Amino acid sequence: MAVNTQCRTATGGPPTEVETRHRGRRSQRFHRDKSLLLFTIPGVCALLLFHYVPLLGNVIAFQDYQPYLGITGSYWVGLDNFAIIINGDPAFLQALENTIVLTFLQVVFVFPAPIALALLLNSLAREWVKRVVQTILYLPHFLSWVIVVAIFQHMLGSAGLVNSWLRTHGYTTISIIGNPDAFKGLITAEVVWKEVGWGTILFLAALSQIDSTLYEAAEVDGASAWRQMWHITLAGLRPLIILLGILRLGDVLSVGFEQIILQQGPVGLAVSEVLDTYVYNNGVLQGSWGVAAAVGLVKGVIGTALVLGANKVAHLFGEAGVYKKP
Amino acid sequence: MSLHFPQVRRLRALTAARISVGAAKAAVLLIFCAAVVVPFISIISTSLADSRQVYAAGGLVLWPERPSFDAYRAVLSGGVVSRALLVSIGVTLVGTLLSLVVTTTMAYGLSRSGSFAHKPILMLVLFALLFTPGIIPNYLMVKGLGLLDSYWSLILPVLVNPFNVIVVRAFIMNIPADLIDAAKIDGANEFQTFVRIILPLSKAVLAVVGLFVAVGYWNNFFNALLYINDQTKWPLQLVLRTYVVNNATLSASDLGGAESLPPQQSLQMAILVISLIPIVLIYPFLQRHFAKGVLVGAVKG
């Protein structure tokens, strides 16, 4: 850094006017950094091309988009595509309802599971047991949804391991795979199976940060194990829980597209259609591009608004939230 | 003796409570671990089991009585699975290499705060984390570029992950500036500095990011579903969906033309095992690194 500053004053000469000084500095900085700038070009191009330009592509939500006419040739229809949302198209409402129910199930069962597991792991005295359990439970995170769904089908399906065992031992078999009533429970169980172990990593790291003298002090004061957990452990985890909770809010309207599209066939759309699959089925498969883009856009805007709003609320309560208050 | 009695009883009650709590913990952990381990054992066993045992069990088995590699031989002797395996390997290798190059160069370009256009480009990366375009605009972009049914559609849309750029950038910024200044004084240009100083010192973070990116490419189902219709270009994940999740029947003509096929369950589980092998192989390396808190540091950052 020191070298750079010296170079600048040595070659720059004494600036006379504010305006020229500013411009001079800028062009000097450009000359100094242009080779550094070259390094960012591939990444910037990729981000622009596959992130920011598609972001602009959302304008087709306001068009009667026809692929052969393109974005420039298609007719503008104002808010017509949003009518399906405003007027409450039954298929859309069904998808919305399924999304909300699944999100609710995930908030109740999936979100607290890693916290409980982390507390359990943290309370283990033997380090090697902890390591073995972690090694086993982290693995499913790295499997694709196709593999996870395949595993569940072949374990719980009618020819699966569980039902084969039940049949050979003379019990009645259970129907989970392909059963519309069990679908939402199955989806939730799959998420827990895949992510519960991985979810503990951040909580275990936060637990190791808690000052152990707090526990000793609480012990001296006669606090029971439960009170210690409430006032020290969970209090120590609070910032992280709030952070992850806010980030999760941004995904409130996205429940596992890959996971659900893989299992939609046998159970039918009535129980399994969620907003993301609605967008895919109506847009990419049926060709209602404008309507699908409108639903996707509303979903994205609501997600972002929820994250920013929740962050604001967290700040009001004096928490750090996702980013520090400027 | 009688004097000590109440204390002994309390102590006994306490130990009994402690033991039962311990037993409850062990039971919960055992159930969780069994839920992961048993399916894996069963999958591998079924892929190795012979037809008589599979038909007798009516599905999956827990242990192969007469293990054979017939199912693997059948799916790997050419045909739909072998082809998909090659596609997946190719996409993963090329994609990971390109992603690492673009991510690292971008991270290096952003590593000196106060450099020209540093702030706007960093903002470009950060905002990409907050706003995602959605399925339809992405699809139209890939289609507009003429990448449908091209292997590039599996690589280019996920080439840069903003989160990885930030992780690598944080790592590069921790490299002492003296080293870079010394290289400059010795007459190295940015490119030489990058190749000779930055890359060798960033090996650790590049290994971690590379492994995660590779797992991402190997597992990518979403992009393949959207962009690849041509069955001859399917990666492994689409083959898995069709033959293992949707239970489409694998015939001899789909495979290398083996005369008598092993049972469908064995073939399905063999495909599943093949798709699991790379993940399981690199898992120990992954685990060694993520425990060290690369991710944690990034989140807390």
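Does Asp149(B), with its C-beta neighbours inside 10 Å, count as buried or exposed, and how many such neighbours are there? With 12 C-beta neighbours inside 10 Å, Asp149(B) counts as exposed, where a residue is called exposed if 12 or fewer other C-beta atoms lie within 10 Å of its own, buried if 20 or more do, and partly exposed in between, the C-beta atoms being placed from the backbone.

The model is a predicted one, in which local features need pLDDT of at least 70 and side-chain atom pairs count only at pLDDT 80 or more, while totals for chains, interfaces and linings use all residues. Residues are numbered from 1 along each chain as its sequence is written, and chains are lettered from A and ligands numbered from 1 in the order in which they are written.

Asp149(B) belongs to the loop between helix H6 (135-144) and helix H7 (162-173) of chain B, helices here being DSSP runs of H or I with at least four residues, as strands are runs of E with at least two, numbered from the N terminus. Most residues other than glycine have a negative phi. Chain B contains another such residue, Asn247(B), with a positive phi near 60 degrees although it is not glycine. Asn247(B) sits in the loop between helix H12 (236-245) and helix H13 (264-290) of chain B, and it counts as partly exposed because it has 17 C-beta neighbours inside 10 Å.

An automatic or database domain assignment, which is where the domain bounds come from, divides chain B into domain 1 (5-57) and domain 2 (70-300). The C-alpha centres of these two domains of chain B lie 36 Å apart, and their contact takes eight residues from domain 1 of chain B and nine residues from domain 2 of chain B, two residues being in contact if their C-beta atoms, placed from the backbone, lie within 7 Å. On the domain 1 side of this contact in chain B, the elements that give two or more residues are helix H1 (5-48) and helix H2 (51-57) of chain B, and H1(B) gives the most, with four residues. By class, that side has five nonpolar, three polar and no charged residues, with Ala, Val, Leu, Ile, Met, Phe, Trp, Tyr, Cys and Pro counted as nonpolar, Asp, Glu, Lys and Arg as charged, and the others, Gly among them, as polar.

For chain A the assignment gives domain 1 (2-76) and domain 2 (88-316), with C-alpha centres 39 Å apart. Here six residues of domain 1 of chain A are in contact with five residues of domain 2 of chain A, and the domain 1 side of chain A has three nonpolar, two polar and one charged residues.

Between the chains, 67 residues of chain A are in contact with 73 residues of chain B. Helix H2 (18-56) and helix H7 (127-138) of chain A are among the elements that give two or more residues to the chain A side, and H2(A) gives the most, with 18 residues. That side of chain A has 45 nonpolar, 17 polar and five charged residues.

The buried residues of H7(A) are Val133(A), Leu137(A) and Tyr138(A). They lie on the same side of H7(A) because they cover an arc of only 115 degrees around the axis, an arc taken from the directions from the helix axis to the C-beta atoms.

Val133(A) also leads across to chain B: leaving aside neighbours within four places in sequence, Leu29(B) is in contact with Leu120(A) and Val133(A). Leu29(B) is found in helix H1 of chain B and counts as buried, with 20 C-beta neighbours inside 10 Å.

Not counting residues up to four places away in sequence, Leu240(B) touches residues of both chains, among them Val146(A), Ile147(A), Ala150(A), Ile271(B) and Leu272(B).
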